[in-house]
Amino acid sequence: MKGRKLRMGMIGGGQGSFIGEVHRLAANLDGQIELVCGAFSSKPEVSRASGQALFLPEERCYATYAEMIEKEAGLPDGERMDFVSIVTPNHVHFEPTQLALEAGFPVILDKPMCFDFDEALQMQEIIERTRLPFALTHTYTGYPMVKQAKSMVKEGALGKIKKINVEYPQGWLSEKLEDTGAKQAAWRTDPKRSGKSGCFGDIGTHAANMAEYVTGLKITSVLSRLKTVVEGRLLDDDADVLLEFEGGTHGLLSASQVSTGEENGIKIRIYGEKGGLEWRQEDNNSLAVTMLGQPKQILRAGGNNAYLSEMALAACRVPAGHPEGYLEAFANIYKNFVRSIRAHAAGQSLDFTIYDYPGIEDGVRGMALIDAMVASTEGGNVWTDVAVK
């Protein structure tokens, strides 16, 4: 793999897909990856048309993901794909991941990890057995100032953490778009494709992952109220949750796709004995620091800001004052995943204290949290333990 780009195959992400294009842009940003093949749709004709629009050879625009994995595995080392990016709806996560890993291909997978908790445990077993790199695209962990917040908490700048508040409001499902033919709304609100939760599974898992990633504390139990606000919708579109973390820390999580007028307002506030931190995506290059008895400080992203942690600086591409955003955060996951694949191929290990990315543990915990949230709501809004620690 030395001296060349890594060759990526893609499953899903064909014409009409939002997240597929985001993955391709992120993968391309650092010049480390080239897309060489794909099975872009469950419809062979759409897969072929999607691949042709991306200027791929006709013979590498596959009708099915099973065909892609089998034929790519049979190609010589100098031609076949090096890893697979899977960007399908939730119910088509497990099988292609299993096939890819068992054929020897590392996988980067869109979240949530799979359809249900049982699939998550099976996937964990496969990854532990194959020992191949695996990444999950919890995008927001890729932002430089989220990594700065994580570093500050880890170094003890805030002291013992007392309270964690995280929220993710959206408004795009305030109307019943799934009845209008809107593809993105249709599968996310369909329990046969999305799983047992809509809003929490889609964006609440991002919020929970953010809380655990920045603080290093695991959520141990929840008291949730998952609600379906839009009449006739089959899955929850709003969630309010009380959280208990290990060590006795408590917090709040709010996720909503019916917060009319909101865009993608994920935000986290952390309060410790010595001070607090606040980060929000809509001003993602800033991190507010409020130390006890001191005026508020605003730390800024930028590769020339020497006060940032090594982890945060490694995620910056440009000097201060040149904004970076969502695509760059997404690309940081791909960049570190590529580092991991190269290290694995060389028999080396990656320094995760600097070049981290979400993986199998995050995925299993996300699915366990979905189960706990649904159980808590269905049980009458009662405290419910999370199945994995």
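**Pockets and cavities of the predicted model**

The largest pocket has a volume of about 1000 Å³. A pocket here is an open set of points, on a 1 Å grid over the protein atoms alone, with protein on both sides within 12 Å along at least five of seven lines. Grid points are joined across faces, edges and corners, and a volume is the space filled by probe spheres set on the points. Lining residues are those with an atom within 4 Å of a point. The largest pocket is lined by 46 residues, and Ile19, Val87, Gln184, Trp187 and Arg188 are the closest to its centre. Two or more lining residues come from each of α7 (183-188), α9 (199-215) and α11 (326-345). Of these, α7 provides the largest share, five residues. Helices (H or I, at least four residues) and strands (E, at least two) are DSSP runs, numbered from the N terminus. By class, this lining comprises 19 nonpolar, 19 polar and eight charged residues. Nonpolar covers Ala, Val, Leu, Ile, Met, Phe, Trp, Tyr, Cys and Pro, charged covers Asp, Glu, Lys and Arg, and the others, Gly among them, count as polar.

The model is predicted, so local features need pLDDT of at least 70 and side-chain atom pairs count only at pLDDT 80 or more, while totals for chains, interfaces and linings use all residues. Residues are numbered from 1 along each chain as its sequence is written, and side-chain values use heavy atoms, with hydrogens and water left out.

The second largest pocket has a volume of about 610 Å³. Its lining holds 26 residues, with Phe352, Tyr357, Pro358, Gly359 and Asp362 the closest to the centre. Here α9, α11 and α12 (360-378) each give two or more residues. The lining of the second largest pocket divides into 11 nonpolar, eight polar and seven charged residues.

Rolling a probe the size of a water molecule over the atoms shows where empty space is left. A cavity is a set of grid points where a 1.4 Å probe fits but cannot get out, and the structure holds four cavities of 30 Å³ or more. The largest cavity, with a volume of about 70 Å³, is lined by 14 residues, and Phe115, Gly195, Lys196, Met367 and Ile370 lie nearest its centre. The most lining residues, three, come from α12. Six residues of this lining are nonpolar, five polar and three charged.

The second largest cavity has a volume of about 60 Å³. Its lining consists of His138, Thr205, Ala208, Asn209, Glu212, Asp362, Arg365, Gly366 and Leu369, with at least two residues supplied by each of α9 and α12. Two of the lining residues are nonpolar, four polar and three charged.

These spaces sit within a protein chain of 12 helices and 14 strands. The C-alpha atoms fill a box of roughly 65 × 50 × 40 Å along the principal axes. The radius of gyration of the chain is 21 Å, which agrees with the value near 21 Å for a compact globule of 389 residues; it is taken over C-alpha atoms, and the globule rule is 2.2 Å times the number of residues to the power 0.38. Buried residues (under 20% relative accessible area, 1.4 Å probe, protein chains only) make up 54% of the 389 residues.

Key:
Buried means under 20% relative accessible area, exposed over 50%, partly exposed in between (1.4 Å probe, protein chains only).
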